[in-house]
Amino acid sequence: MVPPISTSVFDIFKIGPGPSSSHTIGPMKAASCFLDKLQDLPAEQQAQLSSLHVHLYGSLSATGIGHGTHKAVLAGLLGWLPESCDSDELLGLMSREGEGYQIQAGDQAIEFSREDIHFDGDRPGAEFANTLVFTARGPGGVVLEAEYYSIGGGFIRSRGEEEPVRPLPVHAFSNMTELRRLVNQRQQALPELILENEEQLSGKSREEIEAGLDRILGAMQAAVDSGLAADGVLPGPIGLQRKARVLDQHSRGLKNSHDRFLAALNAYSLAASEENGAGRKVVTAPTSGSAGVIPGVVAVAREFLHYSPRQLRQGLVAAAAIAFVARHNASIAGAEVGCQGEVGVAAAMAAAFLAQGAGATIHQLENAAEIALEHHLGMTCDPVGGYVQIPCIERNAMGAVSAYNAYLLASVGEEERQKISLDQVIEAMRLTGAEMSTKYKETAQGGLAVCSVHC
């Protein structure tokens, strides 16, 4: 039997630095966890520590430089955390050749540099593709070693350690069919049901949860605003010029209101995604690589559709519910299922956000999410040069537009007009991802990443 979902809304929506939750937020958290282990060693063992090495595997190895994984690992070892770290300081780490740092374990300072981070390709037999192995040594050999997995969306797991046990949710469900049945049986709005679970899982009051949702919405808007204010070339060797600001300025001169709306939706999604590509603060939704889809939709919902703060919060909760079932029954990690699990799931979440805000039924909400995800099935993750820029940034804008279109398509009827369920599409995504070549899973070894250079 599949266990019930016990994921928090704030597990899905996390504030942190781009450009990839799998490559930055996850590794930073893993490094921070290892630092805690170093700090917990007895003083006599800390005194023996003389070196520290980090080995990266999977797409962390293949595209880690482009994603800034080495910087994120160092930041975590220095005690930085994703939500509170300074993006400019993070980008400045290891910017000079041979630059050294000191990792503190009690009174012992361990010298550490870029040469102590090793990009070691694939790790045969690893539980997950994106693996990090931390090894601290002394004169007598290994003092402490730990293995972590970055499993998408900033989530990590540690080898040999049990997942923290959470309280059982008030309303147990493991897929969309069960969630829909609960909503119908209880005659309860979807956001209310999810929020009651959140209170149980997090131990927070409703007021605290709503304040957290407002903080997430504020961070999304901040990413859009920062992206619209910025211009110039994104970091990295591609030399990609930002376009969100120019498109936004162009859209304001359009006389046709429909063109204005569509151009704004594209501009807002591009803005947040360009901030992610620049390594700035974004919100995982469900990942950093797809962090432009929902912020773009939220921004137009606020500006053009005039959603109230309550509608925005409820839409965000509905979007989280879609991410719950996708992650629980398949994956949201590009390294596991390709970009269908990132932008595809983000589009499904955004479609559900719009449907919830418009007062749709649970069937229409599910249909909107199903349509959005269905038409992203098979989408590869093929970042040019290993940077979350091409095709990722424009792909976020396309995902936002498809989310809006899916919401419109779902608004014309109930379940009898839609023959495929969201659960069936999620299972199709899982199977497609399992059969997808690793060349198309964040490694930059296939697809556009290769054709842009060799074709």
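# Report on a predicted protein structure

The largest pocket is lined by 45 residues, and those nearest its centre are Phe155, Ile156, Arg157, Glu163 and Arg327. The model is predicted, with local features needing pLDDT of at least 70 and side-chain atom pairs counting only at pLDDT 80 or more, while totals for chains, interfaces and linings use all residues. Residues are numbered from 1 along each chain as its sequence is written, and side-chain values use heavy atoms, with hydrogens and water left out.

## Pocket and cavities

A pocket is found on a 1 Å grid over the protein atoms alone, as an open set of points with protein on both sides within 12 Å along at least five of seven lines; a cavity is a set of points where a 1.4 Å probe fits but cannot get out, and lining residues have an atom within 4 Å of a point. Grid points are joined across faces, edges and corners, and a volume is the space filled by probe spheres set on the points.

The largest pocket holds about 1400 Å³ of space. Two or more residues of its lining come from each of helix H1 (9–12), helix H2 (21–40), strand S7 (141–152), strand S8 (155–158) and H14. Among these elements, H2 gives the most to the lining, with 6 residues. Helices (H or I, at least four residues) and strands (E, at least two) are DSSP runs, numbered from the N terminus.

How many cavities of 30 Å³ or more are there? The count comes to 3. The largest cavity has a volume of about 140 Å³. Of the 14 residues that line this cavity, Gly289, Glu342, Cys381, Val388 and Cys392 are the closest to its centre. Helix H18 (residues 392–410) provides the largest share of the cavity lining, 3 residues.

Ala, Val, Leu, Ile, Met, Phe, Trp, Tyr, Cys and Pro count as nonpolar, Asp, Glu, Lys and Arg as charged, and the others, Gly among them, as polar.

An open sheet of 5 strands has the order S5-S2-S6-S7-S8, with mixed pairing. Its edge strands are strand S5 (117–119) and S8, each of which pairs on one side only. From one strand to the next, the twist averages 25°. Two strands pair if DSSP finds at least two bridges between them.

Strand S2 (residues 51–56) and strand S6 (residues 131–138) run antiparallel and are joined by 6 bridges. Within this pair, Val54 stands opposite Phe134 in S6, and His53 has Thr135 in S6 as its bridge partner. By contrast, S2 and S5 run parallel, with 3 bridges between them; here the bridge partner of His55 is His118 in S5.

Helix H6 (residues 69–77) lies across S2, S5 and S6 and runs at about 140° to S2. Axes are lines fitted to C-alpha atoms, for helices over the stretch in contact, and angles run from 0 to 180 degrees between N-to-C directions.

## Packing of two helices

Two packed helices are described by the angle between their axes and the distance between the axes. For helix H9 (residues 190–202) and helix H14 (residues 309–329), the angle is about 70° and the axes lie 9 Å apart. H9 and H14 are therefore roughly perpendicular to each other (65 to 115 degrees; angles under 35 count as roughly parallel, over 145 as roughly antiparallel, and the rest as oblique).

Which residues of H9 and H14 meet? Leu190, Pro191, Ile194 and Leu195 in H9 meet Gln314, Val317, Ala318, Ala321 and Phe324 in H14, where contact means heavy atoms within 4.5 Å. The residues of this contact divide into 8 nonpolar, 1 polar and no charged.

## Backbone details in loops

The peptide bond from Gly18 to Pro19 is cis, with omega near 10°, and Pro19 is found in the loop between strand S1 (15–17) and H2. Another cis peptide bond joins Ile390 and Pro391, with omega about 0°; Pro391 is in the loop between helix H17 (362–374) and H18. Gln187 has a positive phi of about 55° although it is not a glycine, and Gln187 is placed in the loop between helix H8 (176–186) and H9.
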